[in-house]
Amino acid sequence: MTTLRPKTTTLRPKTTTLRPRTARGFNSPSPAQTAARYLLLVLVLLLVIGPFLWQLSTSLKGPAEDVYTSTPSFLPAQPSLGNYGKVADTVPVWTYALNSVVVAAVCITGNVVGCTLAGYALARLRFRGARLVLGLFLATLVLPGEVTIVSQYVLVRGLGLADSLAGVALPGAISMLNVLLMRTAFAAVPVELDQAALVDGAGVWQRLWHIGLPNVRGMLSVIVIFTFIGAWDDFLWPLIVLNDPQKYTLTVGLQYLNGTFSANPRLIAAGTMIAFLPIVVVFAVCQRFFFKGVEEGAVKG
């Protein structure tokens, strides 16, 4: 008698290796959208940097190169710094630059000190008429600068500051927009810090110096950068106030190149680069403080 044993078969489960797929979030852009964004950024970069690079290339071209050729070359065939020397020999460019530095220094000092004090007073101090003062500051932003330029000139002339660098710098010594920016920066600092300092016996100046200023360094850098650019590039107001050519600022004094060397764009481009380079230097020096202040936020941890 034989015993039949059932055959047992072991079924091994099939294992399939699943490759992880890169999951995109709901708002994650597709590769096509990312490529379109980068293409748009490159286009904007060319539109912004292109004129600057072209002026730089023109200022370095030698006298034998034709600037008006139908197929202009971006890179100069005979690069030379002689155009910058000719600009300095034709107009007193260093005197004009010094005048612009004086005007910019007065404007930066006035905005840093005045706007800081005014912004802290509007944000932290309680006094009668604070809302009215804030409303007046906001109202001044509605009017463009060309509307008040006549009254500014009458005021400067009445003070005896016409045809002087002080008269050029006075209207830009305090900007209402910078006051509002400083007020916003001080208002972002928690009130509890001031209250704790007040309990410890700190006065207004101590709270401003030890609590307010360390938390608004980023905004101060913004004010310094934009005040310098506005004072350095201003052309209309110095042209109205100043009569003595020795007191001209750089932007006004370089206009002599348009009349004297109207057929030589190399010197005009060199003068433009001379006026532009200080802005690059100031921004390069202050931008790290600006971005550092933005990364730290309104309150240090």
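Which helix holds the place of Asn 178? Asn 178 sits in helix H7, residues 176-187. Helices here are DSSP runs of H or I with at least four residues, numbered from the N terminus.

Before going on, a word on the model. This is a predicted model, in which local features need pLDDT of at least 70, side-chain atom pairs count only at pLDDT 80 or more, and totals for chains, interfaces and linings use all residues. Residues are numbered from 1 along each chain as its sequence is written, and side-chain values use heavy atoms, with hydrogens and water left out.

Back to Asn 178. Is this residue buried or exposed? Asn 178 is buried, at a relative accessible area of 9%. Buried means under 20% relative accessible area, exposed means over 50%, and partly exposed lies in between, using a 1.4 Å probe and protein chains only. Leaving aside residues up to four places away in sequence, Asn 178 touches Asn 111, Cys 115, Ile 223 and Thr 227. A contact means heavy atoms within 4.5 Å.

Next, the cores. A nonpolar core is a set of buried Ala, Val, Leu, Ile, Met, Phe, Trp, Tyr and Cys residues joined through side-chain atoms within 4.5 Å. The largest one has 33 residues, and Val 87, Val 91, Leu 250 and Leu 254 have the most contacts inside it. Several helices supply at least two residues each, among them H2 (82-90), H3 (93-124) and H14 (265-296). H14 gives the largest share of this core, seven residues. Leu 254 touches Val 87, Val 91, Val 93, Gly 271 and Ala 275, again not counting residues up to four places away in sequence. A second, separate core of 16 residues includes Leu 122, Val 179, Phe 186 and Leu 208.

Leu 208 takes us to helix H9, residues 204-212, where the buried residues are Arg 207, Leu 208, Ile 211 and Gly 212. Seen down the axis of H9, these fall within an arc of 110°, so they line one face of the helix. The arc is that of the directions from the helix axis to the C-beta atoms. On the other side of H9, Trp 205, Trp 209 and His 210 are exposed. What do the buried residues of H9 pack against? They pack against H3, H7 and helix H8 (191-199).

Last, charges. The structure holds one salt bridge, meaning a side-chain nitrogen of Lys or Arg within 4 Å of a carboxyl oxygen of Asp or Glu. The side chains of Asp 194 and Arg 124 form it, at 2.7 Å from N to O. Asp 194 is in H8 and Arg 124 in H3, 70 residues apart, linking distant parts of the chain. Both residues, Asp 194 and Arg 124, are buried.
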